[in-house]
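This report walks through one chain, from its overall fold down to single side chains. Please keep the sequence and the model in view while reading.

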Amino acid sequence: MKVEVTKMLYKEMSIHDFKPWAEAVDTYERLERNNKLNDLEWSLSEIFGKDDIEETELNDLLWFEPDTVYEMVGLKTESDIEEEIEETESEIGYITEYIDTLEEDIQEYELGSEEWQDAMSNLAGYKLDLEDLYDRLEELRKEFEDL
């Protein structure tokens, strides 16, 4: 009986030199765009419980566990971003309704009265809040597109 012994050849390399394939490319590119490759590299021994990992293991992690990878390096997952979009849209709806109510109330107050001034001040503040929410929504949608 003949036993064949295969020797493995290992090459040490930085995660920056790693070339992912298949669906792992998207995860890798997002990490790269957000300057998170070093964070992942530092965490790999914790993930795998060993210092040396094979390229296939790393590629499989990036391909099949992107949410785990994103959470480890401090990036939002797809579901996190979707949830934030929904919450922001809901808040926009609430503030828009409140602004409409304030504008109706202002019509009923005597011009220049204390009630009118308070309502105008509140209206201005809520319109600024609404503008900020629309900016935030645009940022979240862009972040979602970049996934």
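## Contacts and overall shape

Of the contacts in the chain with a separation of 6 or more, 66% are between residues 24 or more positions apart. The model is predicted. The chain has six helices and zero strands. Along the sequence the pattern reads α-α-α-α-α-α.

How does the radius of gyration of the chain stand against that of a compact globule of 147 residues? The chain has 26 Å, whereas such a globule would have a value near 15 Å. Along the principal axes, the C-alpha atoms fill a box of roughly 100 × 25 × 20 Å.

## Surface and burial

The accessible surface of the chain comes to about 10800 Å². Carbon and sulfur atoms hold 46% of that surface. Of the 147 residues, 24% count as buried.

A nonpolar patch lies on the surface. Trp21, Trp63 and Phe64 form this patch. Together they have about 320 Å² of accessible area. Trp21 sits in the segment before α1, which covers 24-33. Its relative accessibility is 37%, so Trp21 counts as partly exposed.

## Threonine 27 in helix α1

Thr27 belongs to helix α1. Is its side chain's residue buried or exposed? Thr27 is buried, because its relative accessible area is 4%, and the cut-off for buried is under 20%.

The side chain of Thr27 reaches the backbone oxygen of Leu62 at 2.8 Å.

## Salt bridges around glutamate 143

How many salt bridges does the structure hold? There are ten salt bridges. One of them joins the side chains of Glu143 and Arg30, at 3.9 Å from N to O. Glu143 lies in helix α6 and Arg30 in helix α1, so this pair ties together parts that are 113 residues apart in sequence.

Glu143 is partly exposed, with a relative accessible area of 24%. Arg30 is buried, with a relative accessible area of 3%.

Glu143 also meets the side chain of Lys76 in a salt bridge, at 3.7 Å from N to O. Lys76 lies in the loop between α4 (66-73) and α5 (78-108), and Glu143 in helix α6, so the pair ties together parts that are 67 residues apart in sequence. Lys76 counts as partly exposed because its relative accessibility is 25%.

Which residues are linked with Glu143 in a network of salt bridges? The network comprises Arg30, Lys76, Glu84, Arg136, Glu139 and Glu143.

## A bridge between α5 and α6

Another salt bridge joins the side chains of Lys127 and Glu103, at 3.4 Å from N to O. Lys127 lies in helix α6 and Glu103 in helix α5, so the pair ties together parts that are 24 residues apart in sequence.

Both partners fall in the partly exposed class. Lys127 counts as partly exposed at 41% relative accessibility. Glu103 is partly exposed too, with a relative accessible area of 32%.

## Arginine 141 in helix α6

Arg141 lies in helix α6, which covers residues 114-145. Its relative accessible area is 39%, so Arg141 is partly exposed. Leaving aside neighbours within four places in sequence, Arg141 is in contact with Ile85 and Glu89.

How far apart are the C-alpha atoms of Arg141 and Arg33? They are separated by 17 Å. Along the chain, Arg141 and Arg33 are 108 residues apart.

Conventions:
Residues numbered from 1 in each chain as written. Predicted model: local features only at pLDDT ≥ 70, side-chain atom pairs only at ≥ 80, totals over all residues. Heavy atoms only, no water. Patch = residues over 30% accessible without salt bridge, like charges linked within 9 Å, V, L, I, M, F, W, Y side chains within 5 Å. Areas by Shrake-Rupley, 256 points an atom, 1.4 Å probe, with all protein chains shown as cover. Salt bridge = Lys/Arg side-chain N within 4 Å of Asp/Glu carboxyl O. Helix = DSSP H or I, 4+ residues; strand = E, 2+ residues; numbered from the N terminus. Buried < 20%, exposed > 50% of the residue type's maximum accessible area, 1.4 Å probe, protein only. Polar contact = N/O pair within 3.5 Å; in protein donor to acceptor, adjacent residues only side chain to side chain. Contact = heavy atoms within 4.5 Å. Rg over C-alpha atoms; globule rule 2.2 N^0.38 Å.
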